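Hello,

Here is the structure I promised to pass along. My notes on what turned up follow just below it.

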Number of protein chains: 2
Amino acid sequence: MSTNFSITEENYIKAIFHLQEVNGMVSTNELAAELDTKPASVTDMLKKLKVKKMVHYEPYQAFKLSSDGKKLALNIVRRHRLWEYFLVEKLQFGWDEVHELAEQLEHVSDKKLVDRLDAFLNFPRFDPHGDPIPDSNGKMAQQEQVCLTELPVQTQAEVCSVGSQSSSLLELLSHKHIGIGTRLEIKQRFSFDNSIEIKIKDQQLITLSKELAQALFVKKI
Amino acid sequence: MSTNFSITEENYIKAIFHLQEVNGMVSTNELAAELDTKPASVTDMLKKLKVKKMVHYEPYQAFKLSSDGKKLALNIVRRHRLWEYFLVEKLQFGWDEVHELAEQLEHVSDKKLVDRLDAFLNFPRFDPHGDPIPDSNGKMAQQEQVCLTELPVQTQAEVCSVGSQSSSLLELLSHKHIGIGTRLEIKQRFSFDNSIEIKIKDQQLITLSKELAQALFVKKI
DNA sequence: ATATATTTTTAGATTCGTCTAAAATATTTT
DNA sequence: AAAATATTTTAGACGAATCTAAAAATATAT
């Protein structure tokens, strides 16, 4: 009795899933920005998704996915990441050029196809961006988050969390133009003071002190 | 400046291409039947496709694709058949279960993706149904395929394509253990009902109705 | 606690692809 | 060649997804 979802509905569900990972709850404006559409359109769709029991939503309140909604979201994420893996691993695309293509391929929702693709790829657990791929039951490995101090040189990584919220740390990060999502490569380590030299795309080399490196958590890319 | 085409428009263009292969020209009713829609809808779409210069169409007249339309059609066919090849060759689907899936995958039209898929599959020249796959320039190998009804008795032949993808046809073929690549010999023809008796290696004689024989295309061996 | 600003929802219009019913054109039959 | 039949097009409506502009609800600030 699996209801049918349009590509548009799937895109809304995926976006809500993504936003609620951060805050737990999602607002109309936030979602409109994420989908590059207008708040009025979001309200219309929320009413539709509520009828289909995919979201917990009351007018003027923040909302989130129902458990069915979450299940569907995980399934879409699974498809997306499997195709990304396929494109990089089998068709030699760069990890930075596959997102758009996977956005299109992910909407082919045939379960048999997805499961066979999974098997063909040898049941990969992480996509080319380091994000975990849900298995056929919707279970997803924990993201491999590593402290910057643990990475060998030449590794590429993306900042995904910071070890504290102290304003002194945030001030320093902003001064060095580092934030969540910043991609960097480890260039050199200095054992004398355990400092690290990194390079952010299109920028000069930057030195991070041991203390700063310890406060940065990244995922490999 | 390659204009953008919706999935619906692509489906119309593919269907016109398929029909005009037979007669050279296509009628509104024919196309409506092929697409399982109403003639009025076909007329609407023809007007749209004419504006986009994809069809030669005048009201109340039979129509056909323009050269641009034909080019697009060949590109869609290319995508469809490459995905069918992928599904059978890499994901272990049966040749009789890939049509629907390829219908969905074919609408991802990124040229780089298609060309890389082609390369990954080693530039196959025929899909799993025996139909030729257009190359990246739209050139398609000719196959001297003959309808089973045209062969004289005692001829040996190999099945290389089927005349439709209807599930009723595929069901019947699978029941009679006939598939792409099956080798057979024409044993006898009956003018009363135009049925044919054939023999497949190591099997008993089998009777094929006129309708079934018309749907089977073979090459002599 | 009242005024102001922000967020969210409604109301009504628009585009795409579809439909039905009726009108226009083309074809076939007599 | 006129009448009957079949095909195709128009006219008007509908559902999905979107938009703008205005109203309603909520949040913030003085």
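How many bridges join strand β4 of chain B to strand β5 of chain B, and in which direction do the two run? There are 3 bridges between β4 (residues 156-162) and β5 (residues 183-190), and these strands run antiparallel. For one residue pair to look up, B:Gln156 has B:Glu185 in β5(B) as its bridge partner. Please keep in mind that this is a predicted model.

Both strands belong to an open sheet of 6 strands in chain B, with the order β3-β8-β4-β5-β6-β7 and antiparallel pairing. At its edges are β3 (146-147) and β7 (205-208) of chain B, each of which pairs on one side only.

A:Gln188 counts as partly exposed because its relative accessibility is 39%, between the 20% and 50% cut-offs. Beyond its neighbours within four places in sequence, A:Gln188 contacts A:Val153, A:Ser195, A:Ile196 and A:Glu197. A:Asp135 lies 53 residues from A:Gln188 along the chain, and their C-alpha atoms are 37 Å apart.

Then there is the nonpolar core. The largest one has 60 residues, and A:Phe86 and B:Phe86 have the most contacts inside it. Setting aside residues up to four places away in sequence, A:Phe86 touches A:Leu91, A:Leu117, A:Phe120 and A:Leu121 in chain A. From chain B, A:Phe86 touches B:Phe86, B:Leu117 and B:Phe120.

Best wishes

Technical notes:
Residues are numbered from 1 along each chain as its sequence is written. Chains are lettered from A and ligands numbered from 1 in the order in which they are written. This is a predicted model: local features need pLDDT of at least 70, side-chain atom pairs count only at pLDDT 80 or more; totals for chains, interfaces and linings use all residues. Side-chain values use heavy atoms; hydrogens and water are left out. A nonpolar core is a set of buried Ala, Val, Leu, Ile, Met, Phe, Trp, Tyr and Cys residues joined through side-chain atoms within 4.5 Å. Buried means under 20% relative accessible area, exposed over 50%, partly exposed in between (1.4 Å probe, protein chains only). Contact means heavy atoms within 4.5 Å. Two strands pair if DSSP finds at least two bridges between them. Helices (H or I, at least four residues) and strands (E, at least two) are DSSP runs, numbered from the N terminus.
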